[in-house]
Amino acid sequence: MTTLAKQFVNEWFCGLGRGALLCRDIFSSLCKVKPVWHDILDEMYFIGVKSQSVVAITGAFTGMVLCAQTYFQFHKVKMDTATLAVVSVGMGSELGPVLTSLMVAGRVGAAIAAELGTMRVTEQIDALRTLAAHPIDYLIVPRFLATMLVMPLLTALSVCVGILAAYIVGVFLLGINSTGLWYNMLRHTNMIDISCGLIKTFIFGAIIAVVACYKGLNCAEGAEGVGRATTEAVVYSSIAILISNFFLTMLLNALLPTL
Amino acid sequence: MIEVRDLKKSFGPVPVLQGVTFTVQKGEAVVIIGASGGGKSILLKHLIGLITPDQGEVCIDGRSMAGLNERQLLQIRRKFGMLFQGAALFDSLNVEQNIGFILNREQNHPPGEIAQRVAEVLELVGLAGIGKKWPAELSGGMRKRVGLARAIIYHPEILLYDEPTTGLDPIAADAIDQLIARVGDTFKITSIAVTHDMRSARRIGRRILMLHQGRIYADEPPDDMFKSSDPVIHRFVNGIYEPGEQFSL
């Protein structure tokens, strides 16, 4: 048992070390090598444009259910028109960034880990190295930059769709006064709420890209190895997002006290 | 010139290379033979710096690869071309993009030059006109030819072949062997192939090294190797199995 525990701890720290080295290589590449914008735009299309539908659906139904639940409670104390303000602040600062990041981690993190893992087991990454192309420059940096750049955009889409869906539910389904609803939302939603949410998504984007690329590059041989790397990429990036969300919220709250 | 000095490599507790030493002169065609799982591909990957040895060193034209980081190794690898066992074509690129990959990355070639050079090497490997096909649409033999075209388009000084005929029928294997010989003659390239296909070794090698128990056991011209009375060499080149013998080292 002690041996197993030692092995587990050893592997865990080795993994952390390799992850740290990957981060170092990414930042080193960003400083030394001019990014190829064509590659980054390709990745932005795959990560951003192709994730729009899943992110919009997530945002819409989250906004709708949040609106309904808030209304059910607020209606008891005659605060119906404050419903959309709660949705807006909740979606902008927490639910939008976190749920969007989790959906992207599921869709994009899995795809990146599977693609890189397959490239590794079929020697395509070795082939890349023999063709004098650094895998970090060619495979990792475009994915890293693209994920970081599209995450705030996807989150903004999710938040907007969520608020719009909540507004529709509030006005047309629950019969709340539309002017009061809109007025209270604008009055109680701070730019800082939205900004903090968008700032967090940069970090979440980096987490998704680093975890997925790390898992793909270090996956074990064979189909089982690729499958495990894909699963671990999604699980670990989701957990890392949820944990870092708490610390980022506390940090941003300290830096921007009007939150 | 390639010099390999006392190369040692283990994976966990399993020693794979246990002191490999040899030299390959410029323009030579060398074949490394040995049992499956005996470390031939591992040795080949050491030559191009894809794997770092535990001990010993590889020198290319007098420059040691020991201690170099990945970016420094990229400069040395520009001298190499490598054909992988499964060809290792990039799935997301078509044949044309695969072959022109390195030239496209360099971004200093005038428009049209890359397309022309891709067409030339495709012609050389006997696959003219398939530039728009995807790797998944190619047969095993075609993939190897495309892999070879990708390796020679930038005129490397050294070509490495990892099991070039494995998985091919005898006629396709012969075609690949002839192609390897033709490429060597055309471009005056130093070539090192690893294989356990004895017919292929005889056809493409001017010198054969036998890797046995992690060391170079024999270093002879093909004819001498095939006539050897040494029991280890004789049994290997003639494919004689003795009951109770272990298959891999």
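Biologist: Before we start, how are things numbered, and what counts in a predicted model?
Modeller: Residues are numbered from 1 along each chain as its sequence is written, while chains are lettered from A and ligands numbered from 1 in the order in which they are written. As this is a predicted model, local features need pLDDT of at least 70 and side-chain atom pairs count only at pLDDT 80 or more, whereas totals for chains, interfaces and linings use all residues.

Biologist: OK, what is the strand order in the open sheet of six strands in chain B?
Modeller: The order is 6-7-8-3-9-10, with mixed pairing; strands are DSSP runs of E with at least two residues, helices are runs of H or I with at least four, and both are numbered from the N terminus. Two strands pair if DSSP finds at least two bridges between them.

Biologist: Which strands stand at the edges there?
Modeller: Strand 6 (80-83) and strand 10 (215-220) of chain B do, each having a single partner strand, so one side of each is left without a neighbour in the sheet.

Biologist: And how many bridges join strand 6 to strand 7 in chain B?
Modeller: Four bridges link strand 6 with strand 7 (residues 158-162) of chain B, and the two run parallel; B:Leu83, for instance, has B:Tyr161 in strand 7 as its bridge partner.

Biologist: Switching to the contact between chains, how many residues of chain B are in contact with chain A?
Modeller: On the chain B side 16 residues are in contact with 11 residues of chain A, where contact requires C-beta atoms, placed from the backbone, to lie within 7 Å.

Biologist: Which element of chain B gives the most?
Modeller: Helix 2 of chain B does, with four residues; the elements giving two or more residues are helix 2 (70-77), strand 6 and helix 4 (101-106) of chain B.

Biologist: Last topic: how far does helix 3 of chain A reach?
Modeller: Helix 3 (residues 52-74) of chain A has 23 residues and reaches 32 Å from its first C-alpha to its last, close to the expected 33 Å, the expected span being 1.5 Å times one less than the number of residues.

Biologist: Which of its residues are buried, and what covers them?
Modeller: The buried residues of helix 3 of chain A include A:Val55, A:Gly59, A:Met64 and A:Tyr71, and what covers the buried residues includes helix 4 (83-121) and helix 6 (135-173) of chain A. A residue is buried if 20 or more other C-beta atoms lie within 10 Å of its own, exposed if 12 or fewer, and partly exposed in between.

Key: Contact = placed C-beta atoms within 7 Å.
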